Amino acid sequence: MNTFTNAMRHAVSSVSIVTTDGTHGRYGLTISSMTSVSADPPMLLVCVNRNNVAHDAIVANRRFAINVLTVHQQQLAARFAGSNEHGPAYEFNSGDWSGTASGLPQLIDSAAIFECELDRAISAGTHSIFIGQVETACGRDIAPLAYSNREYGMAVGLEAANTIFTGTKNVLEATLL
Ligand SMILES: Cc1cc2nc3c(=O)[nH]c(=O)nc-3n(C[C@H](O)[C@H](O)[C@H](O)COP(=O)(O)O)c2cc1C
């Protein structure tokens, strides 16, 4: 591991599954790179490795959805990172999936969902930066999943989100303490 990636491990990020569907296929990929770009007009970005099968499908379908994961969805994060034994990451055979109005794969119990039209793709190193125009956005008060130092956990101290777990001993809670 080089100095850059080692230092990056100490940052904390949200975890989402970016999904796409259309004539070029239905795929999903775990990402930590979702960032807001602009509020008016609403735009966000994600960075996707060009070697991932979801990459070319997003380019061709020109549509994607961001499903922001909750602390309860750590296993789905691993699932869509291709890091377990249940087959290719893009098979939607675990999790509670429905479809957005335009038919993009949507996790019904996510912390937030953003439905985007691809505005532009910018090549940068091994990845493409996909900038999306947000068409629909929806969120709810439930603790989002955090990722740091190769571990998943809860961002302790975000009181509004964490109060939903009062009385619940969540094993993830200690991970980032
Ligand atoms: C927490 C987490 C965050 C990730 N974030 C990104 C990301 O922002 N962009 C990306 O291209 N891959 C990201 N990955 C890696 C992909 O999810 C995936 O594991 C990788 O592309 C390898 O997929 P493959 O085994 O199907 O080739 C992330 C993985 C994890 C576990």
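View 1. Helices (H or I, at least four residues) and strands (E, at least two) are DSSP runs, numbered from the N terminus. This is a predicted model: local features need pLDDT of at least 70, side-chain atom pairs count only at pLDDT 80 or more, and totals for chains, interfaces and linings use all residues. Residues are numbered from 1 along each chain as its sequence is written. Which residues of helix 2 (residues 53-61) are buried? They are Ala54, Ala57 and Ile58. These residues cover an arc of only 100 degrees around the axis, which puts them on the same side of helix 2. The arc is that of the directions from the helix axis to the C-beta atoms. A residue is buried if 20 or more other C-beta atoms lie within 10 Å of its own, exposed if 12 or fewer, and partly exposed in between; C-beta atoms are placed from the backbone.

**View 2. The largest nonpolar core has 33 residues.** Val18, Leu29 and Ile66 have the most contacts inside this core. Strand 2, strand 3, strand 5, helix 2, strand 6, strand 9 and strand 11 (145-148) each give two or more residues to the core. Strand 6 gives the most, with 4 residues. A nonpolar core is a set of buried Ala, Val, Leu, Ile, Met, Phe, Trp, Tyr and Cys residues joined through C-beta atoms within 7 Å. In soluble globular proteins, nonpolar side chains tend to be buried together.

**View 3. Isoleucine 66 has contacts beyond its neighbours within four places in sequence.** Which residues does isoleucine 66 touch, leaving those neighbours aside? They are Ser16, Val18, Met34, Leu44, Val46, Ile113, Phe114 and Cys116. Two residues are in contact if their C-beta atoms, placed from the backbone, lie within 7 Å. Now take the chain as a whole. Residues 24 or more positions apart account for 59% of its contacts with a separation of 6 or more. Of its 177 residues, 31% count as buried.

**View 4. A shell of 16 residues stands around the ligand.** Ile31, Ser33, Asn49, Ala81 and Gly82 come nearest. A residue is near a molecule or strand if its C-beta atom, placed from the backbone, lies within 6 Å of it. Strand 3 (27-31) and strand 5 (42-49) each supply at least two residues of this shell. By class, the shell has 9 nonpolar, 7 polar and no charged residues. Ala, Val, Leu, Ile, Met, Phe, Trp, Tyr, Cys and Pro count as nonpolar, Asp, Glu, Lys and Arg as charged, and the others, Gly among them, as polar.

**View 5. Strand 5 pairs with strand 10 in the antiparallel sense, over 7 bridges.** In this pairing, leucine 45 has isoleucine 131 of strand 10 as its bridge partner. Strand 4 (residues 35-39) also runs antiparallel to strand 5, joined by 4 bridges. Here serine 36 stands opposite leucine 44 in strand 5. Two strands pair if DSSP finds at least two bridges between them.

**View 6. A hairpin of 2 residues joins strand 4 to strand 5.** Proline 41 lies in the loop between these strands. Which kind of peptide bond, cis or trans, joins aspartate 40 and proline 41? The bond is cis, with omega about 5 degrees. Alanine 39 lies in strand 4. With 8 other C-beta atoms within 10 Å, alanine 39 is exposed. Alanine 39 and valine 134 are 95 residues apart in sequence and 9.5 Å apart in space, C-alpha to C-alpha.

**View 7. An open sheet of 3 strands has the order 1-11-12, with antiparallel pairing.** Strand 1 (13-14) and strand 12 (151-154) stand at the edges, each with a single partner strand, so one side of each has no neighbour in the sheet. Strand 11 and strand 12 pair over 4 bridges. Serine 148 has glutamate 151 in strand 12 as its bridge partner. Arginine 150 sits in the loop between strand 11 and strand 12. Its phi is near 65 degrees, a positive value in a residue other than glycine. Arginine 150 is exposed, with 6 other C-beta atoms within 10 Å.

View 8. Arginine 62 lies in the loop between helix 2 and strand 6. With 16 C-beta neighbours inside 10 Å, arginine 62 counts as partly exposed. Most residues other than glycine have a negative phi, and most peptide bonds are trans.
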